[in-house]
Amino acid sequence: MKIAVIGQGYVGLPLSMAAAKSGHQVIGIDMDKKLVASLNSGFSPIFDISNDEIASNSKNYKVTSDYKELNGAEIIAICVPTPLDSNQKPDNSFLINALKSVAENMDNDSLVIIESTISPGTTRGLAQDILKKSRKNFELAYSPERIDPANKNWNITNTPKLVAGLSQNATKKAA
């Protein structure tokens, strides 16, 4: 299965590695061209993922800044930053940009899972509204990130996850 992971930071990179290790074809998408070059050269920017892990998964893992690479992805996980702005309100600009690019490039029947930390109602409202503009069939789910960086006992493969889909099918596929 082809899986796309938008954002290759402390949430997206471990998710990409876990999927690649499971035998899936993973395309990581990140807009930081230096990060893309570093990852494609086998260098990890985060403590939780070693250079050896990137190298051992290089057959199933590639990184790009080109959203056209979403072509053929059955699952698209969005793991972009959602910082607070100067007024302490959520800054959804990274999420909005990612969703617009996903809407322009996703295939019919893709499952989009938002893993970024977002306010209640953002999936059913903002995210769904942007994706609907694609005029494609899609499933949408939310599964908040559950990463505890540098924790040796609990990691992306053994930490329980919450999953909520906007349909029963989306929930089932995301789980």
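In which sense do β4 and β5 pair, and over how many bridges? The two strands run in the parallel sense and are joined by four bridges, where strands count as paired if DSSP finds at least two bridges between them, and where helices (H or I, at least four residues) and strands (E, at least two) are DSSP runs numbered from the N terminus. The model is a predicted one, in which local features need pLDDT of at least 70 and side-chain atom pairs count only at pLDDT 80 or more, while totals for chains, interfaces and linings use all residues. Residues are numbered from 1 along each chain as its sequence is written, and side-chain values use heavy atoms, with hydrogens and water left out.

β4 and β5 belong to an open sheet of seven strands with mixed pairing, in the order β3-β2-β1-β4-β5-β6-β7. At the edges stand β3 (61-64) and β7 (164-165), each of which has a single partner strand, so one side of each is left without a neighbour in the sheet. On its other flank β4 runs parallel to β1, to which four bridges join it, with I3 standing opposite I75 of β4; toward β5, the bridge partner of I78 is I114. Strand β5 (residues 110-114) in turn pairs in the parallel sense with strand β6 (residues 138-142) over five bridges, and here L111 stands opposite E139 of β6. Together with α4, the strands β4 and β5 make a right-handed β-α-β unit, a crossover being right-handed if, with the strands pointing away from the viewer, the path from the first strand over the helix to the second runs clockwise.

In a regular strand the side chains alternate between the two faces of the sheet. In β4, I75 and A77 point one way and I76 and I78 the other way, and all are buried (buried means under 20% relative accessible area, exposed over 50%, and partly exposed in between, with a 1.4 Å probe and protein chains only).

The search of the whole structure finds two salt bridges, each defined as a side-chain nitrogen of Lys or Arg within 4 Å of a carboxyl oxygen of Asp or Glu. One is formed by E53 with K21, whose closest N and O atoms are 3.5 Å apart; since E53 lies in helix α3 (residues 51-56) and K21 in helix α1, the pair ties together parts that are 32 residues apart in sequence. E53 counts as buried at 19% relative accessibility, whereas K21, at 58%, counts as exposed. K161 forms a salt bridge with E115, the closest N and O atoms being 3.2 Å apart, and because K161 lies in the loop between β6 and β7 and E115 in the loop between β5 and α5 (123-132), this pair ties together parts 46 residues apart in sequence. K161 is partly exposed at 35% relative accessibility, and E115 is buried at 8%.
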